[in-house]
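Hi,

Here is the structure I said I would pass on. Have a look at it first, and my notes on what turned up follow below.

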Amino acid sequence: MIEATSFRPGPPMPSLPSLSTDQVAAFVELARRGSLRAAAETLHVTAQGVRNRLVALERRLRVELYRKSRGPRRAHPLTEQGRQFLPHALAFLDRARQLAEAFTGPVGPQEIHVAATQYLILYVLIDAVRRFHRAYPDIRVRLSNRTEKEIEEALLSDLDLALGVAAPYETLPGLEYIHLFSLDWSLVAPVGHPLLRKRAVALADLADLPLIFFERGSTGRQHVMDAFHGAGLSPRVEMETTNTEITVRMVEAGLGVSVVPLPPGGGSVTRGRRIGRRSLEGMIRPIHSGILVRRGEQLSPAAEAFKRFLSPQ
């Protein structure tokens with residue numbers, strides 16, 4: 001004898017607004033492209049079709065998501081409520097995509113767009129992308145090289161950019177910083193340089209020497225300048241470079257000395273180079289490097305998987 005189990009319904013679900021992926025996609029493309037016309041071209045519908053979807057979405061949510069004014073062009077078409085809704089809209093579409101792929105599987109290869117500084121590409125990203133592609137051959141990482149400021153600005157304006165890897169001086173509002181590692185500073189000088197015979201080197205020992213510094217606007221340069229000025233010193237900057245590897249090669253060639261962030265032992269940047277180094281730990285604020293993402297936005301599963309590969313080996 002089989003005993004039937006009666007079904008006992010739970011409490012009624014709260015009333016939810018009826019949202020469609022077409023409506024939410026129209027909103028996301030408006031945020032991404034900046035105008036109804038550009039969003040319509042991406043979605044292959046008319047501008048009026050995009051407008052209709054947005055109006056329906058606003059009615060469902062009972063809030064104004066974007067500005068309707070035809071006045072002077074604004075930097076961003078979204079209202080404050082629209083900016084708050086954007087990360088939820090992105091998560092909504094990503095979840096809808098996962099539901100569709102539960103039975104059909106992913107449609108074509110996936111791609112993650114990541115922006116990083118030159119130093120972090122050399123020190124972290126090249127190895128991380130290599131290992132990630134080996135583990136996830138169907139997900140490609142599109143890597144672009146930008147300065148810290150460019151990465152922050154791009155994250156706030158380009159929704160195609162999944163995340164940034166940088167050493168920001170200060171994190172902008174609207175972004176979240178996830179710490180990866182810190183690097184202390186070292187003096188690097190050509191082999192045989194008198195400073196290398198000193199047991200301890202101070203910033204005052206460097207003030208009158210020809211120095212090779214990072215380019216203006218970089219976080220590294222700002223940290224070093226803050227330290228010199230805090231000690232009442234004005235460094236003599238003779239040359240400027242964009243990354244640590246070039247700096248080390250210039251020092252090796254005898255063009256000057258420099259102050260650079262290095263891992264313990266110097267790492268691959270100094271390995272095999274005819275230079276000497278002296279620690280400046282405690283004299284200059286360490287470089288804190290990590291991941292930048294839009295605050296409140298849930299990363300896609302692919303981007304979340306890539307994030308786990310970013311700790312330096």
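For the charged pairs, I call it a salt bridge when a side-chain nitrogen of Lys or Arg is within 4 Å of a carboxyl oxygen of Asp or Glu. Keep in mind that this is a predicted model.

With that cut-off, E80 and R83 form a salt bridge, and their closest N and O atoms are 2.8 Å apart. Both belong to helix α4 (residues 80-104), where being 3 residues apart puts about one helical turn between them. E80 is partly exposed at 43% relative accessible area, and R83 also counts as partly exposed, at 37%.

Next, have a look at E240 and R216. They form a salt bridge too, with 2.5 Å between the closest N and O atoms. E240 sits in strand β6 (residues 237-241), while R216 is in the loop between β5 (211-214) and α7 (219-230), so this pair ties together parts that are 24 residues apart in sequence. On the surface side of things, R216 is exposed, with a relative accessible area of 62%, and E240 is partly exposed at 37%.

What about R294 and E297: buried or exposed? R294 counts as buried, at 8% relative accessibility, and E297 is buried as well, at 19%. The two form a salt bridge whose closest N and O atoms are 2.6 Å apart.

The search of the whole structure gave 17 salt bridges. There is also a network of them that links E29, R32, R33 and D160.

Now the rings. The whole structure has 9 aromatic pairs, and F132, Y136, F306 and F309 make up one aromatic cluster. The charged end of K68 sits over the ring of Y66, 4.1 Å from its centre. In the other case, the charged end of R285 is over the ring of Y169, 5.1 Å from the ring centre.

Finally, the overall picture. The chain has 10 helices and 9 strands, and 43% of its 313 residues are buried. Counting contacts with a separation of 6 or more, 72% are between residues 24 or more positions apart. The accessible surface of the chain is about 17,800 Å², and carbon and sulfur atoms account for 52% of that.

Cheers

Notes
Residues numbered from 1 in each chain as written. Predicted model: local features only at pLDDT ≥ 70, side-chain atom pairs only at ≥ 80, totals over all residues. Heavy atoms only, no water. Phe/Tyr/Trp six-rings, centres within 6.5 Å; stacked < 30°, edge-to-face > 60°. Lys NZ or Arg CZ within 6 Å of the ring centre and 35° of its normal. Helix = DSSP H or I, 4+ residues; strand = E, 2+ residues; numbered from the N terminus. Buried < 20%, exposed > 50% of the residue type's maximum accessible area, 1.4 Å probe, protein only. Contact = heavy atoms within 4.5 Å. Areas by Shrake-Rupley, 256 points an atom, 1.4 Å probe, with all protein chains shown as cover.
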